[in-house]
Amino acid sequence: MVSAIEKARVAARKAVESRYDGVCTIIEHQKVPKANKSTGFDDVIVAENLPCRLSFKTKANTDKNEIASSVSQIIEVFLNPEITIKTGSKLIITQNGVTTEYKSSGQPAVYSTHQEIILELFKEWA
C-alpha cells in the first residue's frame, strides 16, 4: 500500500518535472589510457538529453562603505535526483533555443523531487 506521503512526493515530483523546458548533456574530463601506454585526458559524455530547467537569479552586493554596488548572477540547474553529476563536470544545456556550456561548481542539493546545482560559465578544464 502506498502511503499518503509517498503519493504527495510523486505528485510534487511530477509538478517539478513539468516545468523542465531544457535538455542537458553531461561531460566529464576523464583519464584515458593512450596507445603508447601513457595516460591522457578525453571528454567523455556520461549522459545526454536529460530534461532540466535553468534558473537565473541576480544578486546585488552592497556595502554601506562602497559607492557602487556589485551585481552577480547565480545560475542554477534543476535535474532528476537520481542523476550523479561530479563537481567540475561540463554541462551543455539548451533552453529556450539557447545552448550554453556550464561547469558544475559544487555539491548538489538533492531532494526527493529534484536536485539543484549551482553552475558557472564553462571557460576551460581545470
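**Labels and their cut-offs**

Tutor: Start at the hairpin of β1 and β2, where 5 residues lie between the strands and Lys37 takes a positive phi near 75 degrees. The model is predicted, so local features need pLDDT of at least 70 and side-chain atom pairs count only at pLDDT 80 or more, while totals for chains, interfaces and linings use all residues. Residues are numbered from 1 along each chain as its sequence is written, and side-chain values use heavy atoms, with hydrogens and water left out.

Student: What makes β1 and β2 a pair of strands?

Tutor: Strands are DSSP runs of E, at least two residues, and helices are runs of H or I, at least four residues, both numbered from the N terminus. Two strands pair if DSSP finds at least two bridges between them. Strand β1 (residues 22-33) and strand β2 (residues 39-61) are joined by 11 bridges and run antiparallel. Therefore they pair. Cys24 stands opposite Leu50 in β2.

Student: How do you know that β2 also pairs with β3?

Tutor: Same test: 9 bridges join β2 to strand β3 (residues 70-79), so they pair too. These two run antiparallel. Here Leu54 stands opposite Val77 in β3.

Student: How many helices and strands does the chain hold?

Tutor: The chain has 1 helix and 7 strands. Along the sequence the pattern reads α-β-β-β-β-β-β-β.

Student: How many disulfides does the structure have, and how do you know?

Tutor: A disulfide is a pair of cysteine sulfur atoms within 2.5 Å. Searching the whole structure finds 0. Cys24 is in none; its nearest cysteine sulfur, that of Cys52, is 5.0 Å away. Cys52 is in none either, with the sulfur of Cys24 at 5.0 Å.

Student: Why is Cys24 called buried?

Tutor: Buried means under 20% relative accessible area, exposed over 50%, and partly exposed in between, with a 1.4 Å probe and protein chains only. Cys24 has 0%, so it is buried. Cys52 is buried as well, because its relative accessible area is 0%.

Student: Why does Lys90 count as buried?

Tutor: Its relative accessibility is 9%, so the label applies. Lys90 sits in strand β4 (residues 90-95). Contact means heavy atoms within 4.5 Å. Leaving out residues up to four places away in sequence, Lys90 touches several residues, among them Asp43, Glu101, Tyr102 and Trp125.

Student: What makes Gln115 buried, and which backbone oxygens does its side chain reach?

Tutor: Gln115 is at 1% relative accessibility, so it counts as buried. Its place is in strand β7 (residues 115-121). The side chain of Gln115 reaches the backbone oxygen of Asn80 at 2.9 Å, and that of Ile83 at 2.7 Å. A polar contact is a pair of N or O atoms within 3.5 Å; within protein, one must be able to donate a hydrogen and the other to accept it, and residues adjacent in sequence count only if both atoms are side-chain atoms. Beyond its neighbours within four places in sequence, Gln115 also has contacts including Val77, Phe78 and Pro108.

Student: How much of the chain is buried?

Tutor: Of its 126 residues, 30% count as buried.
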